[in-house]
Amino acid sequence: MSEMLLKEMEDVSLPLLPKKEETESERRSFLLVDENETLQVKDEAQFLQKLDCSPGQGVKVLSIFGNTGDGKSHTLNHVLFDGEEVFLTSPSPTSCTIGVWAAYDQRLGLVVLDTEGLLGASTQMNQRMRLLLKVLAVSDIAVYRTRAERLHNDLFQFLGSASTAYLKHFTPQLRALSSRCGLDVPLSNLGPAMVVFQETSRTQLLGHDGTAPADVLLHKRFHDLGQSTEAFSSVQYVGTQTITPPTDYSQFLEIIRQQVKNTASRAPRQPAIVFSALQALSERFCGEISDDKVSMYSFFPDEYFTCPSVCLSCNVRCKNGMNHQKDRVPHMADGLCQYAHQYNNKVLICKRCYEGGREVIVVPKTSASTDNPWFGLAKYAWSGYVLECPNCGIIYRSRQYWMGNQDPESSVVRPEVKHVWQGSEAFQTDHQNAAQRVLDGVNYVIQSMAEYSAGPTKAVTAWITDQVAPPYWRPNTEIIVCHGCNRKFEEAERKHHCRSCGEGFCQACSTRSMPVPERGWGSSPVRVCDACHRQGGAPQIVQVSQTEPRTLVARRVTEVAQSTLNMVSNAVDYPLCFVKGVARPDYWVPDHEITECHQCSKAFTSSVPKHHCRACGQGVCGNCSAQNRPVPSRGWDHPVRVCDACVTHLDSQ
C-alpha cells in the first residue's frame, strides 16, 4: 500500500463515496467536507452557527485519523465530550460515512475534525491523500488512533507519506509565511503536532521495558523504515492497555491539553480564520495538484501562527496569533515576568478594584488630580506622595501619619510585574518623575511669589524641607533638640539631617562629610554627624529598597530648589537650569542633544528657548508648545506643556 501511496501522490487526482444521513444524535457534529471534497458549509456565519461558537473565541484544530473500526469517533466522544455521542459511532465497519465531520469542544477551545475513509487500499488513493492534506493543513494537532496490538509498518508508511506530500506541496507557502512574519524557526516547527495513540489488550505498550522512552523508539521505527516526519512539529506516543473496560484516556487527554496550551509556533485564532483557510484549500486545491498551481496561493493564514514578539524584560514570546494588534488585541504571555529597572515594569494595582474584577493601575504622584499646583505642593510637603484610583479616589498618602504608616503594598495596592513589548505604550507612565513635578511646583510658587517679601518665601521653604525626605529621616516636627548635644533648637535655627543615621542635628554637631553609598547617596561626600563620621557610618544600616535612590534624587532637587527659594531673585534661573538635569524624567530627551525644535526644526538660541513636551519628551520651541493638556499616562494630572502633535493625539483619545 505504501508504494502505491507514494507513487499516486506525485500526480494526485480522485472520486465518490456514499453519504450518510443525519440523525438526532448528530446535532452537535456536522458534515464539513464530503467524499467529493465539497465544503458543506456555505459561509463563516453558518460555520459558527453549526459549531455553536462565538466569533471572537480563540480556537485550535484537532483532527483524528485511523483505520475504520479503530474507534476514532468513540475516542473523541469519551475524551472531549464526556461520553456523549457527538460523533456517530457504528458497530459495523462498512457503515461509516466517508468525509470529514466537525464539532466544537468549548472547554478546550478545539474545533474537532473526525475523518472517515482516508486510510486503506483503494483505487481512489489520490483523492484520499488530497483530502488528508487539506485536513492536515488546517490542523494544529493530528491524532493517529490504532487498536493494533503492535504498531505495523502501514502506520509509519502512511504518516511518512503524508509528511512527504505535505512538504512537497506546502513548503513554498511555509517559507513565504516565515519570511513575511519574521518567524525565525525551522519549517518543521510550523507543521501540526502528531500524536500516535495506541490501545492494546494483550500486548505490552511501546517502551514498557524501560530500555528507551517510547517517543525515541517511535522515531527509530520511522528512521529504520526510511520514513520522514519532518512536516510535523513533534511526534509523540501515547499508549494505554485495556484488559478490562473502560479505556483509560487520562494520559491521552493530558497530552491534548498540553498541545492546546503550547503556543511556541501556533496560536489560537478566530473560527472564521479556520473556515477561510479550509475554503481557500477547497476552492484552489482540487483535481490535479500541480506545483505551479499550489505556489500561486498561500493556504496558511498568518493568524495560524504565533506572534514573534518577545517580552523585552523576560524574553517570553507572545502567545497570540500574528496580526492580533490589528484587532486591537494586546500582546499577551503566560507566566510571570521579571522586573527590569530599565523598563520600570512594576505596577501597582488598586486592591479594591482588583477584588471587584477590574485591573486599575495607580501611579505615585505628588498631588491628587483635584488639587491645584500650589495646594498640591503644600499637601505633598505635609503628607507625602499620593496614590489615587480613578474609581476609589485617594487610597494612600505616604506620610498620612508621622509614625506607623503602612506599606501600600500590604494594604491598598497589589504589586505586579508586567511584560514589556517592543513599541508598546503600556509603560509610558513614568512612576519616578516626582522630582520634575516638584520642580514644576517650585517654578509655580516662585512665579507667584517673586514680588512678595521674604516672609511667605520662608514659609514655602519650610514646606519644601520635608517634602521629599528619605524614609529613614526623622520628621522635622519630631526634632526638638539636637541629637548630638541635646541643645534645644531656637525658632529660626535650621535643623540638619545626618545622611547616614537620619537624625536631626545642629550646625556644630554635623560639620563632617563623607560618602554614604549604602544609603543611596553615591560616592560624593555628604553631611554626616560627628558620631557617624567616627564610626564610618550608621551602626545598623537597614537594607535600602530599590526605589530609595530615586527618592534621594528628589531630595537633592529639593535642596537646590530650597536655596533658590531663599534667594527669590533674578539669579533663580541658574539653579533651576542646574536642577533640570537631575530632575529630568527618563523619557525626556537630554538638553545637550536638542539643537532644534522637533516640530518646526527652528534652531534654538538664547532668544528661542527650548521646552520639553510632557507627553513625548521631545524638545520644542514655545510656538510649537503653546497649549497645555493633562497627560495622565505620564503622571501629569494637571494641564502641562505639550507639543502641537501631542495635543492632536491627546484630543483624539
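Predicted model: local features only at pLDDT ≥ 70, side-chain atom pairs only at ≥ 80, totals over all residues.

Let's start with E199, which you'll find in strand 6, the stretch covering residues 193–200. Is E199 buried or exposed? Its relative accessibility comes out at 9%, and since anything under 20% is called buried, E199 counts as buried. So what does the side chain of E199 meet in there? Another, at 2.8 Å, goes to the side chain of T242. If you skip the neighbours within four places in sequence, the residues in contact with E199 are R145, T146, R147, A148, T240, T242 and T247.

Next stop: T229. Look for it in the loop that runs between helix 6 (214–224) and strand 7 (234–241). T229 has a relative accessible area of 17%, so it is buried too. Setting aside residues up to four places away in sequence, T229 touches S163, H219, F222 and V235.

Now for the sheet. Strands in a sheet pair through backbone hydrogen bonds, and they can do that parallel or antiparallel. Here, three strands make an open sheet in the order 9-8-13, with antiparallel pairing. Strand 9 (361–362) and strand 13 (413–417) are at the edges; each has a single partner strand, so one side of each has no neighbour in the sheet. Zoom in on strand 8 (residues 346–350) and strand 9: two bridges join this antiparallel pair. Which residue of strand 9 is the bridge partner of L348? That's V362.

Definitions and conventions:
Residues numbered from 1 in each chain as written. Heavy atoms only, no water. Helix = DSSP H or I, 4+ residues; strand = E, 2+ residues; numbered from the N terminus. Buried < 20%, exposed > 50% of the residue type's maximum accessible area, 1.4 Å probe, protein only. Polar contact = N/O pair within 3.5 Å; in protein donor to acceptor, adjacent residues only side chain to side chain. Contact = heavy atoms within 4.5 Å. Pairing = 2+ DSSP bridges.
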